[in-house]
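Subject: Handover of a structure

Dear colleague,

Please find below the structure that I am handing over to you.

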Amino acid sequence: MTDRTAVRTGLLTVDGATLHHEVRGEGPLLVMMPGGSADAGIYDAIAADLADRWTVATFDPRGYSRSALAGPVADQSPATHADDIVRLIESLSPDGAPAALFGSSSSAVVALAALGRHPGRLSRVVAHEPPVVALLPDPEAGRALFAAVREAFRRDGVAAAMTTMAAGLAPEEGEAAPGPERAAAGSEQSAAAEEPPTPVQTAEQAATGERAPTPEQAATFRRMHANLPVFLEHVLCPFSGYVPDLVALKAAAAHLVVGVGRDSRALLPAVAAEGLARRVGAGVAEFPGGHIGLTEHPRAFAARLRDVLAAP
């Protein structure tokens with residue numbers, strides 16, 4: 001009997017990079033894209049849960065972890081990453097069958113680019129809280145915050161950048177909840193926290209719950225943490241500043257579900273997500289937890305994603 005959770009690894013050559021990818025299970029293809037500084041390892045628990053119904057493909061984005069670039073790292077483009085996804089789908093679904101696609105945070109931006117550029121290759125797209133500042137009531141506030149984060153990284157390093165994001169997210173004393181402008185920090189602060197923040201947090205966020213992470217999990221978190229400089233310098237601003245093709249997304253809205261976290265609906269990513277849904281006529285699905293619900297509640301998140309993907 002085949003173990004549906006067994007991992008099959010491979011390398012795929014794309015334009016300017018080689019993508020490390022991992023595949024589990026059998027059935028229709030589901031590609032899960034990591035956000036922030038994460039790589040394929042962020043989906044280990046969820047992919048194993050979904051492998052009974054789907055062929056679940058996860059991967060390291062170009063320039064991260066085991067997906068080497070052919071040249072020097074430069075600012076990244078959601079469109080280029082979207083084309084990488086289509087190449088991966090073509091390699092894993094050679095019969096031309098469309099695939100389902102899930103992205104969270106910065107990778108949800110890639111999901112929107114992929115649906116806008118390649119609608120025929122996608123059966124359903126779930127974009128969980130894409131931090132698209134163009135869809136906010138005050139886009140300039142979000143752009144300014146992310147620019148300040150990148151400048152803090154350039155000047156003082158990763159810790160300073162993360163502190164800047166945290167300060168941008170924190171409400172003023174006495175404020176009930178941050179509005180879209182103050183929430184600007186929430187998108188990629190949470191996206192970066194989505195993966196490997198600190199050794200203390202890894203123990204709390206590991207899929208094993210309260211237990212300390214295994215050596216393999218700890219190695220995964222360290223690997224993803226090492227991606228933070230690339231994320232802060234080359235992904236944060238280009239991805240949050242991406243302007244989706246709303247005409248194309250409206251035409252493909254029947255295939256798009258916008259995800260929002262139950263506990264993060266006042267923050268920038270959810271505000272932007274719900275603004276997108278209204279603009280293009282897409283459905284909205286609530287997921288457990290907040291912006292990083294997939295690491296806070298992986299089993300419940302996987303169950304909700306199963307329902308969303310299987311819905312008619």
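Which residue of β6 does A99 stand opposite? A99 stands opposite L122. This is a predicted model, in which local features need pLDDT of at least 70, side-chain atom pairs count only at pLDDT 80 or more, and totals for chains, interfaces and linings use all residues. Residues are numbered from 1 along each chain as its sequence is written, and side-chain values use heavy atoms, with hydrogens and water left out.

Strands and helices here are DSSP runs numbered from the N terminus (strands E, at least two residues; helices H or I, at least four). Strands β5 (residues 99–104) and β6 (residues 122–128) run parallel and are joined by 6 bridges; two strands pair if DSSP finds at least two bridges between them. Of the 7 residues of β6, 6 are buried (under 20% relative accessible area, 1.4 Å probe, protein chains only).

Strand β2 (residues 17–24) has 7 of its 8 residues buried, so it is largely enclosed by the rest of the structure. β2 runs antiparallel to β1 (residues 8–14), with 7 bridges between them, and T9 has E22 as its bridge partner. In the hairpin of these two strands, G16 takes a positive phi near 90°. β2 also pairs with β4 (residues 55–59) in the antiparallel sense, over 4 bridges; there, R24 is partnered by V56.

Yours sincerely

Note on methods. Buried < 20%, exposed > 50% of the residue type's maximum accessible area, 1.4 Å probe, protein only.
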